[in-house]
Amino acid sequence: GAEAKRAARDAAAAGPAAAGGCKQHGHPRLRMQRKGCSVVRATGSPAEAESIQADPGGESASRAALDKLKVLTFNTLAPCYFRSEGVYESSSPQSASARHRNIIRVLRDEAADVCCLQEFWFNDQLHALYEQELGDMYSFHTLKRIRSEDGVAILVRKKTADVVSKYDISFREHSKFGHDRVALVAIVQLRVDVAGSGSYGAEVRRGLGQTAPVAFVTSHLTYPHHKLDEFSRLEQSRVMVDEAKAYVEAICPPQTPIVIAGDFNATEDDEVCETMKQSGYLDAFADVTGAMAPPGRITHCDHRRQQKGVDYIWLSHSGGELWEDAGAAAAGGEGSGQGKDRRRSGEVPRIGLRPVDAYLLPQDVSANTIMKRPAFSAIKAAQVADQAGGRVEAGGSDAKLSWNDWCNMSDHRPMVAIFSVST
């Protein structure tokens, strides 16, 4: 269980020595080894090892330097949980398709570099729809809950980043209060302009890029129906922070930034959020906008019609330390010299992130606007052609969808944070 995973993680930190290849819940253990700033992922013998690489097609064929990083988190409301007018949406494929086509359009329009999705429904047809409509833009990385129909997903834009390693966290393996909840960690290599070189090309595609990675984590914590759920949710947050930190420290350079985004089912004054802050994480949305819990921000209208701010994009403290180094350099400190020495020595430059903007979608609706519960009969099809299986075209979702349409898209609002990127 958890001890085996820790052993695999520790073996990764040691270098080429392979970790165990045991299987649990039908999922093979990851075998990893350090290779520059890439991580080799294997599911069987060493001969089967392969690096996780971006698809050379689609947007990845056109590579661009990144000085801003846009991160989106969205609980998409799995059809197996969406009940309206006495029925579950999973029994109405047409309704589910129309609603998720609107979600897909929003994702295409927003064009975030990293999308963290919760309640991602592992239905073959819906999964295929996402791949079909977004596969040209994004690489898909998913983790299903063990006993449920949904899970989480991280979509990484091919044009600006590569995923070089992944780590699955099942909370029940680490705590008897973990419930059937999971977290997914993706180690991502961004294409940023190092020392003005502007050169990425084949080196990045081989996992031998010029920059250190950034870790992204997404999860959906337990809804607090009662005291036991509240304790379980707190345990889940602690496991997520500890396991993600240990994994990143085992295979990444020191002070690698960690971004944790998802549905925490916790308001700003909750103990879960206090745990995140005490663990060194910054609430990016609150930092930029100053909006805390309701009435500052409302991201969720739950099944009890309570209006809450429960979705977050957190940045680890180490993610912003490079900006402090830059400030010291400007004041005559040693930050600049250290950076130059690091580049001269050939060490991979690390990434620094700083939140500079944040908002909820749609942007023209204030963050404290009261939400409505979604309903089947009010769901607007993305296009007439969608009903016949047409492609979802990007462009103008903010203008074309009313506030009612947005509320019927999910019982959550999408949150976006934009970070400045430094090396």
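These are my notebook entries on a predicted model.

**Entry 1**

Leaving aside its neighbours within four places in sequence, Tyr-130 is in contact with Thr-76, His-100, Ile-103, Ile-104, Leu-107, Leu-117, Phe-120, Gly-135 and Phe-140.

**Entry 2. Helix H3**

Which residues of H3 are buried? I noted Leu-126, His-127, Leu-129, Tyr-130, Glu-133 and Leu-134. These residues lie on the same side of H3, because they cover an arc of only 155 degrees around the axis. An α-helix has 3.6 residues a turn, so residues three or four places apart point the same way. The buried residues of H3 pack against H2, S9, S10 and S11. On the face turned away from the buried side, I found the exposed residues Asp-124 and Gln-125.

I also examined the N-terminal end of H3, which is capped by Asn-123. A side-chain oxygen of Asn-123 lies 3.0 Å from the backbone nitrogen of Gln-125.

**Entry 3. Strands S12 and S13**

Strand S12 (residues 161-170) is largely enclosed by the rest of the structure, because nine of its ten residues are buried. I traced its pairing with strand S13 (residues 182-190): the two run antiparallel and are joined by nine bridges. Within this pair, Asp-168 stands opposite Leu-184 in S13.

**Entry 4. Asp-283**

I located Asp-283 in strand S16 (residues 281-283). Is Asp-283 buried or exposed? Its relative accessible area is 5%, so Asp-283 is buried. Not counting residues up to four places away in sequence, Asp-283 touches Glu-268, Arg-297, Tyr-312, Ile-313 and Trp-314. Its side chain reaches the backbone nitrogen of Phe-285 at 3.3 Å.

**Entry 5. Cysteines**

How many disulfides does the count give? The count comes to zero. A disulfide is a covalent bond between the sulfur atoms of two cysteines. I checked Cys-116, whose nearest cysteine sulfur, that of Cys-115, is 7.7 Å away. The cut-off for a disulfide is 2.5 Å between the sulfur atoms, and Cys-116 is in no disulfide. Cys-116 is buried, with a relative accessible area of 1%. Cys-273 is buried as well, at 0%.

**Entry 6. Backbone geometry**

Most residues other than glycine have a negative phi, and most peptide bonds are trans.

- Leu-77 is not a glycine, yet it has a positive phi of about 60 degrees. Leu-77 is in the loop between S6 and strand S7 (83-84), and at 3% relative accessibility it counts as buried.
- Arg-305, also not a glycine, has a positive phi of about 65 degrees. I found Arg-305 in the loop between strand S17 (300-301) and strand S18 (307-308); at 57% relative accessibility, Arg-305 counts as exposed.
- The peptide bond from Leu-361 to Pro-362 is cis, with omega near -5 degrees. Pro-362 lies in the loop between strand S20 (352-360) and helix H10 (397-400).

Note on methods:
Residues numbered from 1 in each chain as written. Predicted model: local features only at pLDDT ≥ 70, side-chain atom pairs only at ≥ 80, totals over all residues. Heavy atoms only, no water. Contact = heavy atoms within 4.5 Å. Buried < 20%, exposed > 50% of the residue type's maximum accessible area, 1.4 Å probe, protein only. Helix = DSSP H or I, 4+ residues; strand = E, 2+ residues; numbered from the N terminus. Polar contact = N/O pair within 3.5 Å; in protein donor to acceptor, adjacent residues only side chain to side chain. Arc of directions from axis to C-beta. Pairing = 2+ DSSP bridges.
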